[in-house]
Structures are given as C-alpha cells and as structure tokens.
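Please keep the sequence and the model at hand while reading.

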Amino acid sequence: MPLAAAPALTFFADLSVQVAAPHEIGSTPGGRRRVIPITGGEVRGEGWQARVLPGGADFQLIVGETLARLDARYVLETDGGDLIFVQNQAIRVASAEVTARLMRGEPVDPAQVYFRCVPAFETAAPALAWINERLFVGTGVRCPDRVEISVFALG
C-alpha cells in the first residue's frame, strides 16, 4: 500500500516540434550519437499558445537496438511574447525493426513505440513563474518531420 496518494495529471500543452534531418555523429563509447536540429513548431495549451523557436536540438543516444535516450533543448515564445526554455529528457523503446524504421525517418504506428518524457520548463515571466516550480511528464510520437508531445503537470 502506498504511503501517499498517486499524483494527479493535469493537461498542460500539446507540442508539435518540427525537426530537420539528423547529424549522424556515429558510434561513440556511450552508443550511437545523433543530433537532430529543431526548426520550429507550435504549442497549444488551454487558453494559451506559443511557437517553437528554431535553433534548438534533440541530442540522441541510441544505446541498443531497442532503446534511445533523448535530450531535447529549445525555446518557446508565447503569444504574449514571453520566452520559456525547455529541456525535455525522454526514452523511446520499440522493437529492433521499429527502431530501425524510426532511425531511417520512416513513419511507424505510435502504438508500437513506448515514448515517455520528463520536460522541465524555465521562464523569467512573472505570469508563468509557477511552471518553474512544477514537475511535468509527457507522451510522445515521432513522425518523419516532427515530434508530437502531450505534456501534463503532476499534481
């Protein structure tokens, strides 16, 4: 029996992050390293929206035939002009065949991929200061030209 109640999840936003072709660094001591440029995108929350600014990247480490560790960093600009820094750490797990298709940039059925993330948000905007003090979790889908993420605040 748990000592405390399970945290509630509250919808925060849906992100559609556009990406370019990966820079293949190759096999390193930690695994196969890739850097995927982030070129733009959009964010829709309840009562707010933002755009993903170009210039970020997803730093990927493929550590086996089925597991990828992801570390994406980028900036959002809200419709009110406020900036939010995002660091999103994730794992993506799929069969070796599905992982190979993802690596080639092919579309795959999202039901065949376990893609979970823990995004952190930082801002200097007083109206958004609460996001500096919350934990978030999310689920993701990798498409050939973008990553779609639904983010929830832990209550």
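Which residue takes a positive phi just after α1? Glycine 105 does, with a phi of about 80°.

The model is predicted: local features need pLDDT of at least 70, side-chain atom pairs count only at pLDDT 80 or more, and totals for chains, interfaces and linings use all residues. Residues are numbered from 1 along each chain as its sequence is written, and side-chain values use heavy atoms, with hydrogens and water left out.

**Helix α1**

- Helix α1 spans residues 96-103; helices (H or I, at least four residues) and strands (E, at least two) are DSSP runs numbered from the N terminus.
- Val98, Thr99, Leu102 and Met103 are the buried residues of α1, where buried means under 20% relative accessible area, exposed over 50% and partly exposed in between (1.4 Å probe, protein chains only).
- These residues lie on the same side of α1 because they cover an arc of only 140° around the axis, taken from the directions from the helix axis to the C-beta atoms.
- An α-helix has 3.6 residues a turn, so residues three or four places apart point the same way.
- The buried residues of α1 pack against β3 (31-45), β5 (57-62), β7 (83-94), β8 (113-123) and β9 (136-143), with contact meaning heavy atoms within 4.5 Å.

**Cysteines**

- The whole structure has 0 disulfides, a disulfide being a pair of cysteine sulfur atoms within 2.5 Å.
- The closest cysteine sulfur to that of cysteine 117 is in cysteine 143, 14 Å away, which is too far for a bond.
- Cysteine 117 counts as buried at 2% relative accessibility, and cysteine 143 counts as buried at 12%.

**Cavities**

- There are 2 cavities of 30 Å³ or more; a cavity is a set of points on a 1 Å grid over the protein atoms alone where a 1.4 Å probe fits but cannot get out, and lining residues have an atom within 4 Å of a point.
- The largest cavity holds about 150 Å³ of space, a volume being the space filled by probe spheres set on grid points joined across faces, edges and corners.
- Of the 17 residues lining the largest cavity, Asp58, Ala72, Phe115, Val147 and Ile149 lie nearest its centre.
- The second largest cavity holds about 50 Å³ of space, and its lining includes Leu102, Phe115 and Arg142.
- β9 gives the largest share of the lining of the second largest cavity, 3 residues.

Notes
1 Å grid on protein atoms, 1.4 Å probe; cavity = no way out; pocket = protein on both sides within 12 Å on 5 of 7 lines; lining within 4 Å.
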